[in-house]
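Welcome! Let's take a friendly walk through a structure, one topic at a time.

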Amino acid sequence: MPLRILVLYAHPAHDRSRANRALRAAIEDLAGVTLHDLYDSYPDFFVDVRREQRLAEQHDVLLFQHPMYWYNVPALLKEWQDAVLEVGWAYGEGGDKLHGKHFMQALSTGGHAASYRHGGHAQFEIAELLRPFEQMAHYCGMRCLPPFVTHAARLIDERALEAQAEAYRERVAALAAGELPAPFDTIPSAE
Amino acid sequence: MHDHGFLEQALVYLAAGVIAVPVFKRLGLGSVLGYLVAGVAIGPWGLRLIAEPGTVLQFAEFGIVLLLFLVGLELNPARLWALRRPIFGLGSAQVLATVAAVAALGVALGQPLAVSLVAGMGFAMSSTAIGLATLAEKNLLPTPGGQASFSVLLFQDLAVIPLVLLLALLSGGKGAATEFDWNSAAKAIALIGLLVAAGRYLLRPLLRFVANTGLREVFVGFSLLLVLGIAALMQAVGLSMALGAFLAGVLLADSEYRHELELDIEPFKGLLLGLFFIAVGMSIDVGLFLHAPLLVLGLALGVVALKSALQYAIARPFYCGRSDAALFALALSQVGEFAFVLFGAAGQILPRATIDLLNAAVATSMLSTPLLMLAYERLLAPRLARPGARAADVISETNPVIVAGFGRFGQIVSRVLGGAGVATTVIDHDPNQVDLVRRFGTKAYYGDATRLDLLRAAGADKAALLVVAVDDVEAALAITRLARENFPRLPLLVRAHGRTDAFEYVEMGVPAVRETLGSALDAAQAALRVLGFHPHAAWRIAAQFRRRDEAMLVEHAPHRHDEKKLIAVSQQARADLNALLREEAARLRGAEEPGWR
């Protein structure tokens with residue numbers, strides 16, 4: 001069964017981005033993909049809650065695509081989380097609108113892959129840093145999919161970036177076609 | 001035809017005015033000419049509906065009295081003092097030069113010196129009523145040329161007193177007359193002193209007392225009583241009624257009742273002044289005109305031409321630029337109602353036939369003014385460079401952005417763009433504004449952006465954006481259409497005035513910013529904060545309103561000509577918006593809400 005994918009794209013300086021621009025261009029035209037540029041829609045940070053909820057309800061996958069800023073999402077995407085994922089809609093009593101959907105993240109980092117390990121510059125592994133998002137998905141009843149990570153976004157050469165963009169396109173296209181990868185689950189099971 | 005009662009007379013005057021004035025106004029000839037022609041039409045030489053124009057003329061002179069009272073109200077003593085140079089300098093120059101020139105011409109043409117001098121005095125006078133009413137109708141009174149005209153008219157009002165005395169002397173120099181004059185002069189000075197003192201200490205408490213009765217018609221009655229009473233007092237001591245009313249106006253210009261007085265007197269002034277012009281029209285001796293048309297016309301046009309030339313020559317170096325000098329010269333080119341008085345007072349010097357001829361020329365000259373003013377407005381003013389109506393500046397640079405209109409709106413746009421490193425070419429049609437911003441170091445060009453050649457000169461065919469920031473709705477639409485037609489690839493951004501023209505821009509697909517929407521939303525947001533809403537909540541509510549309102553504008557634009565439909569969709573939209581805003585307010589307000597935000 002094909003899946004409808006909502007890409008919540010958050011880049012405050014899209015015009016100066018390299019990696020994310022290439023990645024975004026690689027998936028923009030795919031069938032079933034809705035690209036929603038948050039910094040373009042809400043330059044004043046006013047996130048229209050109703051509109052965003054309707055949009056989310058109409059899709060099966062929420063895909064956060066963004067550069068990693070301070071081991072987190074850019075501020076507007078965080079504002080999106082704060083404003084849109086309301087009690088009674090996303091969680092809590094009657095908050096089941098995201099139940100059964102999938103959550104995925106496509107992020108770029110400044111540092112090399114090697115930094116993201118214990119003892120490296122970043123001290124933590126990507127999976128550890130993404131735990132708040134994993135838990136967000138979990139709390140809202142969504143299945144968390146493995147992230148798509150592009151390391152050293154400013155440093156990799158053209159060819160590597162092209163390959164990365166192609167890989168991203170394949171991942172998203174497969175998802176749109178309904179091919180689900182194994183869920184991304186770093187939480188030790190309760191049992 | 002004879003023995004008309006008051007009612008019939010009133011009917012005739014009102015009907016004549018109501019028919020003629022709108023027609024003339026529509027034709028662009030102005031209300032003054034309308035009244036004058038209406039007067040000719042109903043007078044003894046037209047339909048003969050009114051038997052005795054003389055009595056009406058006397059009554060209608062109060063129109064001038066009220067006009068000067070209102071002019072005085074606009075001019076407090078300090079501003080009057082500031083005008084002393086044009087009043088006495090320009091005024092005396094105008095009167096003396098005209099008297100001398102007319103007298104010299106008269107003598108040269110073989111007239112006796114006395115007759116030539118009297119004609120000169122009469123012709124030196126201009127018509128306060130026509131001059132001021134025409135200038136006011138065209139909103140030209142506050143311009144330098146308008147101020148010069150007003151100043152000189154005021155001087156003439158003063159000058160007519162010594163001139164009448166001089167005529168009495170010329171008429172025979174009876175000793176009694178001279179003695180009487182001193183007496184009267186003393187009385188006049190005493191009265192003016194009394195008036196100033198009363199104006200300062202008595203009039204305001206009196207006005208307050210009357211105003212406190214709360215009866216509007218009593219206040220109106222008192223205003224009229226005040227003006228007419230002062231006029232009567234002035235006349236009793238031999239001064240001009242209009243001058244007295246003007247003085248009373250100046251004394252009350254600083255009072256808190258100024259606006260009420262203005263509002264109350266205004267309609268009376270308008271009606272009586274109209275009546276005055278009708279009366280002047282009726283008194284025009286069409287018979288004499290028909291008998292010797294070339295003589296009357298030649299005399300009238302000769303005087304008008306002479307006065308215009310003299311006045312232009314006097315005003316130009318003395319006071320103002322070319323356009324203002326021309327305005328001044330033409331506004332006062334006619335011979336005024338004081339000439340009737342002066343010629344009347346010179347009965348012993350001038351033969352009856354001469355007086356009739358001069359009077360006919362005076363009336364004819366009055367008819368010419370509205371036409372000359374029309375010519376000034378249409379032909380002269382656009383061409384003559386006043387520090388106002390100068391030729392468009394030559395634009396010597398091309399920038400990526402053109403900003404048309406450099407008022408409060410365009411300035412901010414341009415400054416922000418400039419700060420972001422985007423240079424703008426700024427055009428404004430107000431020369432004063434251009435000069436002002438230039439003094440502050442900003443480069444702006446004077447010119448009319450509704451003209452294609454100017455847009456082209458500014459580089460509209462290569463620019464990246466044209467910002468239409470003019471405040472005039474029609475001009476903004478005109479510039480937009482012009483730009484779209486001639487530079488289809490030039491992106492536009494327009495300042496819209498309100499919903500109505502914003503709809504037009506939606507239809508055209510041109511992005512428009514409603515000029516007060518942003519600031520009104522800022523005010524609403526500030527109001528919510530004062531009322532205790534959290535700043536973030538207040539901001540979200542205002543932002544939500546803006547988003548919906550802008551969406552609604554686009555949704556409703558197709559219905560803009562269908563009022564019923566528009567009302568229906570608007571009401572629905574308003575209800576939706578209210579629900580949305582309440583939701584927004586609730587979203588962020590309560591700590592009692594579940595959830596962590």
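How far apart should the ends of helix 14 (residues 258-283) of chain B be, at 1.5 Å a residue? With 26 residues, helix 14 of chain B should span 38 Å, and its end C-alpha atoms are 35 Å apart, which agrees. Keep in mind that this is a predicted model.

**A bend in a helix**
- Helix 14 of chain B has a kink of about 35 degrees at Ile265(B), shortly before the proline Pro267(B).

**Two helices side by side**
- In chain B, helix 9 (residues 144-170) and helix 18 (residues 338-345) have axes that come within 10 Å and cross at roughly 10 degrees.
- Because of that angle, helix 9 of chain B counts as roughly parallel to helix 18 of chain B.
- Gln156(B), Val160(B), Leu163(B), Val164(B) and Leu167(B) of helix 9 meet Phe338(B), Leu342(B) and Ala345(B) of helix 18.
- This contact has 7 nonpolar residues, 1 polar residue and no charged residues.

**The sheet**
- Chain B holds an open sheet of 6 strands in the order 3-2-1-4-5-6, with parallel pairing.
- At the edges, strand 3 (445-446) and strand 6 (512-514) of chain B each pair on one side only.
- Strand 2 (residues 424-428) of chain B runs parallel to strand 3 and is joined to it by 2 bridges; Asp428(B) has Tyr446(B) in strand 3 as its bridge partner.
- Helix 20 (residues 408-419) of chain B lies across strands including strand 2, to which it runs at about 170 degrees.

**Where the chains touch**
- In this interface, 7 residues of chain B are in contact with 8 residues of chain A.
- Helix 26 (residues 535-556) of chain B gives the largest share of chain B's side, 3 residues.
- That side has 2 nonpolar, 1 polar and 4 charged residues.

Terms used
Residues numbered from 1 in each chain as written. Chains lettered and ligands numbered in written order. Predicted model: local features only at pLDDT ≥ 70, side-chain atom pairs only at ≥ 80, totals over all residues. Contact = placed C-beta atoms within 7 Å. Helix = DSSP H or I, 4+ residues; strand = E, 2+ residues; numbered from the N terminus. Nonpolar A, V, L, I, M, F, W, Y, C, P; charged D, E, K, R; others polar. Axes fitted to C-alpha atoms, helices over the stretch in contact; angles between N-to-C directions. Parallel < 35°, antiparallel > 145°, perpendicular 65-115°, else oblique. Expected span 1.5 Å × (residues − 1). Bend = angle between axes of the 7 residues up to and from the residue. Pairing = 2+ DSSP bridges.
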